[in-house]
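Hi,

Here is the structure I said I'd pass on.

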Amino acid sequence: MSARALRITLIVLTLLGLVVASYVTYVHYAGIKPACTAGESCTKVQTSVYSELAGIPVALIGLLGYIAIVGSLLVPQNENTRLATMSFTVVGFGFSAYLTYRELFSIHAVCEWCASSAGIMTVLMGLAVWRFLRGDDDPVRAGPVEDAAHPLAPLSSRSA
């Protein structure tokens, strides 16, 4: 996958996560029941003691996290911005994993909105880590090497 295609994939997934987090944040502040096909599970999760951290809704924390990720993807790309994207997604994944643990073992209910956000964040983290580790300066991916002295230059361009 090209660096451009990978970056676009990350942006699309982040925007999808942004929509989910925006909806859940709206539901929290509007004080309404979230649309949920699993009955009252989403409401149970949304109104639990774990729905806030130090008085801040976790939905808002997620929304801010997705904004940070999309911001790191929209600025000019280099190793530092790839590191920032990876860091944001690793933290987001860890927070999502913690909240999923709480859903399963403390609240005993699963919110499909929260689970979808956790799934999106998991995929984002995997792609962001892969993107960072592979870098974008790989000469094999960058195309043919023009310098005949370079070890990756085609044999036909080397002098005998």
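**Aromatic rings**

Trp-113 is partly exposed, with a relative accessible area of 24% (buried means under 20%, exposed over 50%, partly exposed in between, using a 1.4 Å probe and protein chains only). Tyr-23 is also partly exposed, at 24%.

Before going on, keep in mind that this is a predicted model: local features need pLDDT of at least 70, side-chain atom pairs count only at pLDDT 80 or more, and totals for chains, interfaces and linings use all residues. Residues are numbered from 1 along each chain as its sequence is written, and side-chain values use heavy atoms, leaving out hydrogens and water.

Now for the pairs. Rings of Phe, Tyr and Trp (its six-membered ring) pair if their centres lie within 6.5 Å; planes under 30 degrees apart are stacked, over 60 edge-to-face, and the rest tilted. That rule gives two aromatic pairs. One is Tyr-23 with Trp-113: the ring centres are 4.4 Å apart and the planes sit at 40 degrees, so this pair is tilted. It links distant parts of the chain, as Tyr-23 is in helix 1 (residues 3–30) and Trp-113 in helix 5 (residues 112–134), 90 residues apart. Helices here are DSSP runs (H or I, at least four residues), numbered from the N terminus.

Tyr-101 and Phe-105 make a tilted pair too, because their planes are at 40 degrees, with centres 5.1 Å apart. These two are four residues apart in helix 4 (residues 79–107), so about one helical turn separates them. Tyr-101 is partly exposed at 43%, while Phe-105 is exposed at 55%.

Cheers
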